[in-house]
Amino acid sequence: MTKPFDAAISRFFAKEAPADIRAAVENGGKRDVLTDEFPYQKWMPKKDYQAELDALQVELVKMQSWVRKSGARVVTVFEGRDAAGKGGTIRRLRENLSPRSAKVVALSKPTETEASEWYFQRYVRALPTGGQLAIYDRSWYNRAVVEHVFDFCTPDQRHAFFQQLPAFERLLTDDGIYLIKLWLNVGRAEQLRRMLARENDPLKHWKLSRIDVEGLAKWDAYTAAIGETLDHASFDFAPWTVVRSDDKRRARLGAIRAVLSAVPYAGRDDALVKLDPKIVGGPDLWLGGA
């Protein structure tokens, strides 16, 4: 089997990955958590996970029904390191919702025209109308992290982004939009394990990009950019919620609960959507160097 990018991920693992990270991947069992600071040593049992997910899916349908009837607008932003589990979590969040009123926004590289616009403009075009939920699979925060790490923007452009950001998000929330910002955090060993799995599975090759591969060697640069973003962009009116995602199952449940707990829909089961503070919390829960 031909591996994408000439097996660059395997090569990084063998020759460039820190010794402790390589050892964690090599010695970890399939359902072991590889990050020492993670509050659980094993993945959540599948039976327990499925039971909770099924119950939360019912809550999501109830939430969407309320959103449609009330005319509410909900924006959920999913951010995180590569392979943190954004796509899988979004899929579980949306799988039983009507696609007519729950849309995923995953914008590609800006066109020449878009690159000349106000930075936020193309994201504004995808905002929901009344009765809709918009799920951003990466968002305007590209400028704060990925674009900065890869020098796709200038320092002045990034500075302007942070200057304009509070007013932009304040406009959204002041206009009645429920803005939910989720940062999925994954440890370095678990990220590398997931990237190796993608490289070795032809059905997952489409998930890999050159940016993903080159980003493996930029862990520290990402860490610094993420830390700055969480410090500068968690507002009382639009806070960041961090979800520890070394265990995909707990992360999916935690992210769904975070969304449900942020929307005051009719008939919400508050006991069911109660957050696990070991998995879901504010920016202080982020482990930058994990």
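Me: What do buried and exposed mean for the residues of this predicted model?
Reply: The two words rest on relative accessible area, computed here on a predicted model. A residue is called partly exposed when it lies between the two limits. Buried stands for under 20% and exposed for over 50%.

Me: Which exposed residues does the face of α1 turned away from its buried side carry?
Reply: The buried residues of α1 are Ala 8, Ile 9, Phe 12 and Phe 13. Seen down the helix axis, these residues fall within an arc of 140°, so they line one face of α1. An α-helix has 3.6 residues a turn, so residues three or four places apart point the same way. The face turned away from the buried side of α1 carries the exposed residues Ala 14 and Lys 15.

Me: Which helices are included in what covers the buried residues of α1?
Reply: The buried residues in question include Phe 12 and Phe 13. Their cover includes α2 (19–27), α9 (188–200) and α10 (210–215).

Me: Is Ala 7 buried, partly exposed or exposed?
Reply: Ala 7 belongs to the segment before α1 (8–15). Its phi is positive, about 60°, although Ala 7 is not a glycine. Because buried requires under 20% and exposed over 50%, the relative accessible area of 21% makes Ala 7 partly exposed.

Me: Where is Asp 151 found, and is this residue buried or exposed?
Reply: Asp 151 has a positive phi of about 60° and is not a glycine. Asp 151 lies in the loop between α7 (146–149) and α8 (155–174). Since the limit for exposed is over 50%, a relative accessibility of 65% means that Asp 151 counts as exposed.

Note on methods: Residues are numbered from 1 along each chain as its sequence is written. This is a predicted model: local features need pLDDT of at least 70, side-chain atom pairs count only at pLDDT 80 or more; totals for chains, interfaces and linings use all residues. Side-chain values use heavy atoms; hydrogens and water are left out. Helices (H or I, at least four residues) and strands (E, at least two) are DSSP runs, numbered from the N terminus. Buried means under 20% relative accessible area, exposed over 50%, partly exposed in between (1.4 Å probe, protein chains only). The arc is that of the directions from the helix axis to the C-beta atoms. Contact means heavy atoms within 4.5 Å.
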